[in-house]
Number of protein chains: 2
Amino acid sequence: MSPLLEELAAIVGPAHVLTAPELVAGQVTDWTGYWTGHTTAVVRPADTAQVAAVLAACHRAGQPVVPQGGNTGLVGGSIPLEGELVLSTLRLNRIEQVDPLGRTLAAGAGVTVAAAQQAAAEHGLLLGTDLASRDSATLGGIVATNAGGVAMVKYGSTRSRVLGVEAALADGRVLTRWIPLVKDNIGYDLPGLLTGSEGTLAVITRVLLRLVVPARHTATVLAGVDSVVTALALRDAVNRAGLTLEAAELLTAAGLDLVCTRQGLRHPFSEPTPYAVLMEVSGPAEVAEILAEALTSVDGLADAALEEGHSARLWHYRESHTETIAASSSTPAVKLDVAVPLGHQEEFLGRLGPLLGERFPTARPICFGHFADGNIHVNVLDVSADERDAVSDAVFTLVRRYGGSISAEHGIGRAKNRWIGLGRSPADRAAMAAIRTALDPAGLLNPAVLRFDTDR
Amino acid sequence: MSPLLEELAAIVGPAHVLTAPELVAGQVTDWTGYWTGHTTAVVRPADTAQVAAVLAACHRAGQPVVPQGGNTGLVGGSIPLEGELVLSTLRLNRIEQVDPLGRTLAAGAGVTVAAAQQAAAEHGLLLGTDLASRDSATLGGIVATNAGGVAMVKYGSTRSRVLGVEAALADGRVLTRWIPLVKDNIGYDLPGLLTGSEGTLAVITRVLLRLVVPARHTATVLAGVDSVVTALALRDAVNRAGLTLEAAELLTAAGLDLVCTRQGLRHPFSEPTPYAVLMEVSGPAEVAEILAEALTSVDGLADAALEEGHSARLWHYRESHTETIAASSSTPAVKLDVAVPLGHQEEFLGRLGPLLGERFPTARPICFGHFADGNIHVNVLDVSADERDAVSDAVFTLVRRYGGSISAEHGIGRAKNRWIGLGRSPADRAAMAAIRTALDPAGLLNPAVLRFDTDR
């Protein structure tokens, strides 16, 4: 054992410095199996003081560190691809407090999203962020990546709900911003800066989150629409009726057909339409009737299936997309999480197929997403290994042509490093690099992630 | 004219470098008359390129600069107290676009809040931030200060609605983050970092803001309550009924009595209560009936006056507080904008009077505020000039005892510099100072504002 690992073992206890390959296997590969790295050790501190001591020791030794929560990221941001030490936050798993008056949750960074949701639910409140990986994803992870999800259209970004953080800087100093109030206007928004910084500025050890109030009455509608413009008109009609959007998902004919075929589902509409909209809407007890009435005011709407409450049956058409896509592609699907300004989504979706078809004859795009946020999950099936980067490049370039973002909610990680110049200008990248250097002068925190240099 | 002023005149035109005392008088004193400074010139660039060129010239000359919008701040943050040059953004007054599909507004930093509200209203949308100084306050100013206001309980902070900014750094480089999407997860949230930075990191020249959808149907209630806990129970009852809070204001018996006496208003309740709550609530067309029903479920509620829609009559009891307080104090009232965790507001308000009374026999505190955000505006009347700092100190110390914030929405500016140590830890201040140095190494932007050193 190296002197550094001996020092770390003295801090966290020998049982929490894992070095055997079989013990670290789960921490050096991501869940998709696409990203695999290697490490000399996975270190598992138990509290903020231990995290700080571990970082201070690594800082003295010049040892790069990758912070890791539930390891459920989609862009390779938590994998030690260059042999970094892994600092696991999973033992920071204490829910400290739910304050029902202030509607806040204080918890360790290693608490899972599901555990936090459960703790909030016991007080009739919601975490506000939900995602499929909820049983593994951690609060530290969703804050460090500013995770999105279906509920963002109602509750905003994860960042907008971060009231405070405790975090250890690269040299082991501890930053504590811990005022449980949305109104705390004293200098720079460091919690917001750390949110989405992908482990490059500090290791988040505790989080103080604002909770939200769940809707009382909801209704779900799945409607065929002739265009994205009609989908947006439907959004407007819902707002005009005094109702609230809980979720607003766009499906395409190609995706819906594939799901129906693969899952053996009845096609929901009597006539095919180029798009379908799945919306969940909340309001007073009569929400379903009000929604039905609002639907009649929208031109371009084909069949619409409407059910009271959260309809698992209607949601299934949307939720089975991921699994269906994985099972339908001859190669691992290229999965790109982008966003396009709402007024350009129609054009983007219309251009995407022909554009890819010209250059990649076997490629089949299946898109779906959170259309009221502009977020589109572009999945490209049947792409050969040597075409993957070129496909990504083509999609990202098209996104930029319409003024969109090459990362809507998944972050940059390792996967999108080379395209960061498509999303941020040189002056912007230089400012971000200066901030990173200010907080981590030695460049030890997740050094290969979110790189601001680019050859573009 | 100095060589620097000649250079600046060449950039913006001689007519826009103001040096005569009578021309700069309005820019060197704040609207309260409390803060007065002096300057060699007020420079008024017309666009981002001119702002950048002005800053580059000042940078070469080592000339400190105070950015100034509508000069409506409450903490002396836009006044050249140490003879800085004033960079006025008032000519950056173009509304570039309102996108009703994407629900965004793009505009110059010098556009007034009122003009932006009007532009949004033409598309049936709202800016989301509203404040009494709307005719003078600018978009650049509300972003630079992360301005709050009554609507924050529904629409969140100004920061949460900033999608993009264009800003000139201290050396004249221009940072452009301009993707009109809430989902744009590429690196650090620089727009959020500049929001609330009080002109110390960059001069914001253009803003890209998310607009919000106004409520269709509202009702207003003014209710006497026996405690803050009852006020919060009222908030919960409104949420349980599926209604949305548009505003939630707390008044005290002392404030309400003073307002009724001074304004010649009928006292709204048949029996006195220690507190009153003014709430505006939205929902379906039947919102008033649903609210009336919800009120019956809350214990501790005395008389309640309920009106449909936005009731100017009921709001008058709240809105005339500021004017009444100004007219009722024998000295300029000490006005402190603080926030206290919701569960401690009762105790804080109960302790405040006796605490001040012990040390400052003539002092009369009148509090009101946005109680669902924890925000309390503490006004202390009849304080002598030499007691002002000690009164502030006592209030801030009490705020911290309950874990609150010494600046809820007004910022630090010059006024609260000496208390910043009560709001931010040494490690936090060091991190903020490092970021400031990273973006403005020469320390030329608003150097005397938001100082992270403190003698506490």
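## Briefing: the interface of chain A and chain B

Lys183(B) forms a salt bridge with Asp373(A), with the closest N and O atoms 3.6 Å apart. This pair crosses between chains. The model is predicted. Chain B and chain A bury about 6,300 Å² between them, and a rotation of 180° superposes chain B on chain A.

**The Lys183(B) pair**
- Lys183(B) sits in the loop between strand 8 and helix 7 of chain B.
- Its partner, Asp373(A), sits in the loop between strand 15 (364–370) and strand 16 (375–381) of chain A.
- The separation of 3.6 Å falls inside the cut-off of 4 Å for a salt bridge.

**Extent of the contact**
- Chain B contributes 78 residues to the contact, and chain A contributes 78 residues.
- Of the area buried between chain B and chain A, 61% is on carbon and sulfur atoms.
- In chain B, the residues that lose the most area to chain A are Lys183(B), Asn185(B) and Tyr188(B). Together they account for 16% of what that side buries.

**Salt bridges and polar contacts**
- Side chains of opposite charge can pair when their charged atoms come close.
- Over all chains, a search of the whole structure finds 38 salt bridges.
- Across the interface of chain B and chain A, the rule finds 12 salt bridges.
- Asp236(A) forms a salt bridge with Arg103(B), where the closest N and O atoms are 2.7 Å apart.

**Elements and residue classes on the chain B side**
- Four elements of chain B each supply at least two residues of the side that touches chain A: strand 8 (174–177), helix 7 (190–194), helix 8 (228–240) and helix 15 (426–439).
- Helix 15 of chain B gives the most to that side, with 10 residues.
- By class, the side of chain B that touches chain A has 35 nonpolar, 26 polar and 17 charged residues.

**Symmetry**
- The rotation of 180° that superposes chain B on chain A has 0.0 Å of shift along its axis, and the RMSD is 0.0 Å.
- The two copies are therefore related as by a two-fold rotation axis.
- The same surface serves both copies, as 100% of the contact residues of chain B recur in chain A.

**Annotated domain**
- An unreviewed UniProt entry carries the annotation "domain: FAD-binding PCMH-type" for residues 35–214 of chain A.
- Over residues 35–214, chain A is 21% helix and 22% strand.
- The end C-alpha atoms of residues 35–214 of chain A are 37 Å apart.

How values were computed:
Residues numbered from 1 in each chain as written. Chains lettered and ligands numbered in written order. Predicted model: local features only at pLDDT ≥ 70, side-chain atom pairs only at ≥ 80, totals over all residues. Heavy atoms only, no water. Contact = heavy atoms within 4.5 Å. Buried area = accessible area lost by both parts, 1.4 Å probe. Salt bridge = Lys/Arg side-chain N within 4 Å of Asp/Glu carboxyl O. Nonpolar A, V, L, I, M, F, W, Y, C, P; charged D, E, K, R; others polar. UniProt positions renumbered as here; feature names shortened; annotations may be inferred. Least-squares fit on C-alpha atoms with pLDDT ≥ 70 in both.
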